[in-house]
Amino acid sequence: MERVIVVGAGVHGLSTALHLAEKRGTGEGVVVLDKQRVGAGASGISGGIVRNFYASAAVHEIVRRSVEVFEIDPELFGFRQVGYIAVVPEAQAAELERIAEHHRAVGYESTLVLGERSVRDHLRAIFPDWRAQGSTALLHERRSGWADPSATLRALEGMARAAGVEIREGVEVTGLEPGSVETTAGELPVDVTVLAPGPWARDLLPLLDDPPALDFHFWQVREGEYVHAEAALAPTDPVVHLDADAPLPGLPVPWGIYFRPGLGRGAAIGGLPLPLEPDCELDPYGPSHPSLGATSSEFDDAVVGAISWALARFDGGRERWTCSSYGAQTCFTPDSYPVVDWVGDGVYAVLDSNHGFKMLALGELAAAEILGERQPALEAFRRDRFALGATHPASASPYPWT
Ligand SMILES: Cc1cc2nc3c(=O)[nH]c(=O)nc-3n(C[C@H](O)[C@H](O)[C@H](O)COP(=O)(O)OP(=O)(O)OC[C@H]3O[C@@H](n4cnc5c(N)ncnc54)[C@H](O)[C@@H]3O)c2cc1C
């Protein structure tokens, strides 16, 4: 039986290990190493939003497959299938039409609404106080929603351990040699190494003999939990992604925010990412980082201003809000889409380019490829697409990775 080491105990490392164990009929010989602990990276602080609002058609099938995983046991995975609505201005309407068409082609039900009045009527049936102006198209994905990241991680960890996978926390991989992996706990023999290191891909890939030329770029993602003194979203409300070109204080034009019910009484709101240097510090990660984990009061002002512009219930100004926002370093491939592929002799990589929970199915597809079954659904995510000029399309949205 081949020995497999998976580097990284986030959603993709755990899911790949679990599916390797399931497909082989045993987890024996499959070891997950994490330099810290399960969920220490992006997976532990994720917003968990699951959406299929992507300019690249190749993603739509991956998201459909991921949602099918969540649908097996939504409670176990902490998945709230409340739906997801992308609301956009005229400049993005044609893109939304193309996305809706492709959703139909891959069997992912969504409702396209066009025209400012129809968009407002659709939103007012859900949010009676909806008042945003200038939105001329929306796409309502009924099967999408959001996952509580800690529940998803717990489920994957529990299933992987139950399948016989060994998960070792506090062991850092420091070298990748043919046939062995160097770690802070000594050298470990290996037949196949799977890299699922989240943003640390930048630091791990150069350990390979002949690393793929991937120029990663980094953004500081900013989001948080916002509690209004009187008003709230309902727990069953859909996730809303609102892109707009209306000028509002503190916001660039066009701008975009996303919001969903929080785990407590508040709303989880995010948006307005900031570019980071490609050599930015990754440790400590996320909210623990003294500067990259912090946001600003201008950011809080801007996002609560934007949600209040859309929903009249949140009137009353910034002083009605209690804000606890944070930032995190996030790592993207050159075209901002995943690379899932062999990257060296006996070394496979699942680099999700920060698309996370909505790409949960990558683990199962990767496991199948590692065991020798090439997966057509992954063809668009090979590393040679950059050399071949076959990269994914850029979106017209304010988010470079949509
Ligand atoms: C603030 C924020 C909000 C987000 N919101 C969403 C969202 O709403 N929806 C969504 O789908 N996605 C979202 N994402 C993206 C998503 O969380 C990530 O894409 C996903 O969690 C990445 O998972 P991963 O398993 O690839 O990596 P990670 O979860 O980052 O795990 C990598 C692990 O590798 C370990 N590691 C690194 N280097 C080594 C080494 N040398 N040796 C051993 N272990 C190592 C780390 O300790 C870490 O635990 C968000 C991300 C952030 C940061």
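In this predicted model, the side chains of E364 and K23 form a salt bridge in which the closest N and O atoms are 3.7 Å apart. The pair connects distant parts of the chain, since E364 belongs to helix α9 (residues 362-370) and K23 to helix α1 (residues 11-24), 341 residues apart. E364 is partly exposed at 35% relative accessibility, and K23 is likewise partly exposed at 37%.

A second pair joins D283 to K35, with a closest N to O distance of 3.1 Å. D283 lies in the loop between β18 (274-276) and α8, and K35 in the loop between β2 (30-34) and β3 (49-50); the pair therefore ties together parts that are 248 residues apart in sequence. R143 and E71 also meet in a salt bridge, at 3.0 Å from N to O. Because R143 sits in the loop between β7 (137-141) and β8 (145-147) and E71 in helix α2 (residues 57-72), this contact links parts 72 residues apart in sequence. R143 is buried, with a relative accessible area of 15%, whereas E71 is partly exposed at 29%. Elsewhere, salt bridges with shared partners join D341, E369, R374, E379 and R382 into one network. The whole structure contains 19 salt bridges.

Helix α8 (residues 297-310) spans 20 Å from its first C-alpha to its last, close to the 20 Å expected. Of its 14 residues, 10 are buried, so α8 is largely enclosed by the rest of the structure. Among the buried residues are F299, V303, I307 and W309.

On the surface, E177, E187, D209 and D210 gather in a patch of negative charge. One of them, D209, lies in the loop between α7 (201-204) and β14 (217-228) and is exposed, with a relative accessible area of 71%.

Methods: Residues are numbered from 1 along each chain as its sequence is written. This is a predicted model: local features need pLDDT of at least 70, side-chain atom pairs count only at pLDDT 80 or more; totals for chains, interfaces and linings use all residues. Side-chain values use heavy atoms; hydrogens and water are left out. Patches are made of residues with over 30% relative accessible area and no salt bridge: like charges are joined within 9 Å, nonpolar side chains (Val, Leu, Ile, Met, Phe, Trp, Tyr) within 5 Å. Accessible areas come from the Shrake-Rupley method with a 1.4 Å probe; for residues, only the protein chains shown count as cover. A salt bridge is a side-chain nitrogen of Lys or Arg within 4 Å of a carboxyl oxygen of Asp or Glu. Lys and Arg count as positive and Asp and Glu as negative; His and the chain ends are not counted. The place of a charge is taken as NZ of Lys, CZ of Arg, CG of Asp or CD of Glu. Helices (H or I, at least four residues) and strands (E, at least two) are DSSP runs, numbered from the N terminus. Buried means under 20% relative accessible area, exposed over 50%, partly exposed in between (1.4 Å probe, protein chains only). The expected span of a helix is 1.5 Å times one less than its number of residues.
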